[in-house]
Amino acid sequence: MIDHVRDLASVRDATERLLTAVGKLDNAAVTDQSRLPGWTRGHVLSHLARNADALVNVFEGRPMYASAEARDADIERDAPRPLDAQLADVRESAARWQETADALSDWSRTVELRNGVTDSASRVPFRRWVEVELHHVDLGIGYELEDLPAEFVEREIGFLAERFTNHPEVPGIALMAQEDAVRLEWCTGRQLDDEPIVVLGPSTALLGWLSGRTRGEGVDVLDEGVALPVLPTL
């Protein structure tokens, strides 16, 4: 059940965690390599700011980005800025997006994202939460997959499983996680495959693999001799 009000609060909390952590860095650290290939921490922070502005566009009925080239150029332009400029931009763009979201009245309407993807407006706050949480991990400043909120981890696994469902390059997969006394299960990939590959591990390890943040460390395949599938980039 999507609760956009709760998700908006989660975005605020996640943004404050990120800003507090980034505020302890210095200018040199912002120019260091992030965990994303080819991107410095400045690239990650610039992307987060421009993503917030792009989601304002989504809520207001404009194209999310003018073009893929414009999106990339804006990130490249803003990446070299010093720490104080990065912090101010992330904070101010997040506030603009929150203000736009708070004024939205019809959360049931369909909105258009990138590449022709559409979704309910009510799911956009969760999408922004994903951006903030996973890119906080990507910064490589001490916030790890294991630090992510448990509710977020479970929901993001479900979200990614949905995105991979019926993907022609992904075999049928049954995902299993054991958290305390609770067993969590998801299905993804080609639904017509007779024998899905059973992949199990802690939920944070499953999330790391599904989101492309790891190569599958901490994740196992139940059937001996069956390799862990290589997932395409989303």
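Predicted model: local features only at pLDDT ≥ 70, side-chain atom pairs only at ≥ 80, totals over all residues.
I take helices (H or I, at least four residues) and strands (E, at least two) as DSSP runs, numbered from the N terminus. I number residues from 1 along each chain as its sequence is written, and I use heavy atoms for side-chain values, with hydrogens and water left out.

**Entry: Ser122**

I looked up Ser122 and found it in the loop between strand E2 (118–120) and helix H6 (124–138). Is Ser122 buried or exposed? Its relative accessible area is 15%, so I list Ser122 as buried. My cut-offs are under 20% relative accessible area for buried, over 50% for exposed, and partly exposed in between (1.4 Å probe, protein chains only).

Next I checked what Ser122 touches. Contact means heavy atoms within 4.5 Å. Setting aside neighbours within four places in sequence, I find Ser122 in contact with Ile2, His4 and Trp107.

I turned to helix pairs. Two packed helices are described by the angle between their axes and the distance between the axes. I use axes that are lines fitted to C-alpha atoms, for helices over the stretch in contact, with angles from 0 to 180 degrees between N-to-C directions.

Helix H1 (residues 4–22) packs with H6 at about 20°, and the axes are 9 Å apart. H1 and H6 are therefore roughly parallel to each other. Angles under 35 degrees count as roughly parallel, over 145 as roughly antiparallel, 65 to 115 as roughly perpendicular and the rest as oblique. I note that H1 passes H6 in a left-handed crossing. A crossing is left-handed if the near helix is turned anticlockwise from the far one by less than a right angle, and right-handed if clockwise.

I listed residues from both sides: H1 brings, among others, His4, Leu8, Val11 and Leu18, and H6 brings residues including Phe126, Trp129 and Val132. By class, I have nine nonpolar, four polar and four charged residues in the contact of H1 with H6. Ala, Val, Leu, Ile, Met, Phe, Trp, Tyr, Cys and Pro count as nonpolar, Asp, Glu, Lys and Arg as charged, and the others, Gly among them, as polar.

**Entry: H6 against H7**

H6 also packs with helix H7 (residues 150–164), at an angle of about 115° and with axes 11 Å apart. How are H6 and H7 set to each other? They are therefore roughly perpendicular. I record a left-handed crossing for H6 and H7. Phe126, Arg127, Trp129, Val130, Glu133 and Leu134 of H6 meet Glu151, Phe152, Arg155, Glu156 and Phe159 of H7. I sort the residues of this contact into six nonpolar, no polar and five charged.

**Entry: His135**

I stayed in H6 for His135. Its relative accessible area is 9%, so His135 is buried. A polar contact of 2.8 Å joins its side chain to that of Asp138. Beyond four places in sequence, I find His135 in contact with Leu36, Val44, His47, Leu48, Val130 and Arg213.

**Entry: H3 and Arg41**

The axes of helix H3 (residues 41–59) and helix H5 (residues 83–103) come within 9 Å and cross at roughly 20°. H3 and H5 are therefore roughly parallel to each other. H3 passes H5 in a left-handed crossing. I sort the residues of the contact of H3 with H5 into 10 nonpolar, five polar and four charged.

Arg41 has its place in H3. At 12% relative accessibility, I count Arg41 as buried. A polar atom of the Arg41 side chain lies 3.0 Å from the backbone oxygen of Ala29.

**Entry: positive phi**

Most residues other than glycine have a negative phi, and most peptide bonds are trans. I looked at two residues with a positive value. Asn115, not a glycine, has a positive phi of about 55°. I find Asn115 in the loop between strand E1 (110–112) and E2. Its relative accessible area is 73%, so Asn115 is exposed. Asn166 has a positive phi near 65°. Its place is in the loop between H7 and strand E3 (173–179). Asn166 is exposed, at 51% relative accessible area.

Methods
Polar contact = N/O pair within 3.5 Å; in protein donor to acceptor, adjacent residues only side chain to side chain.
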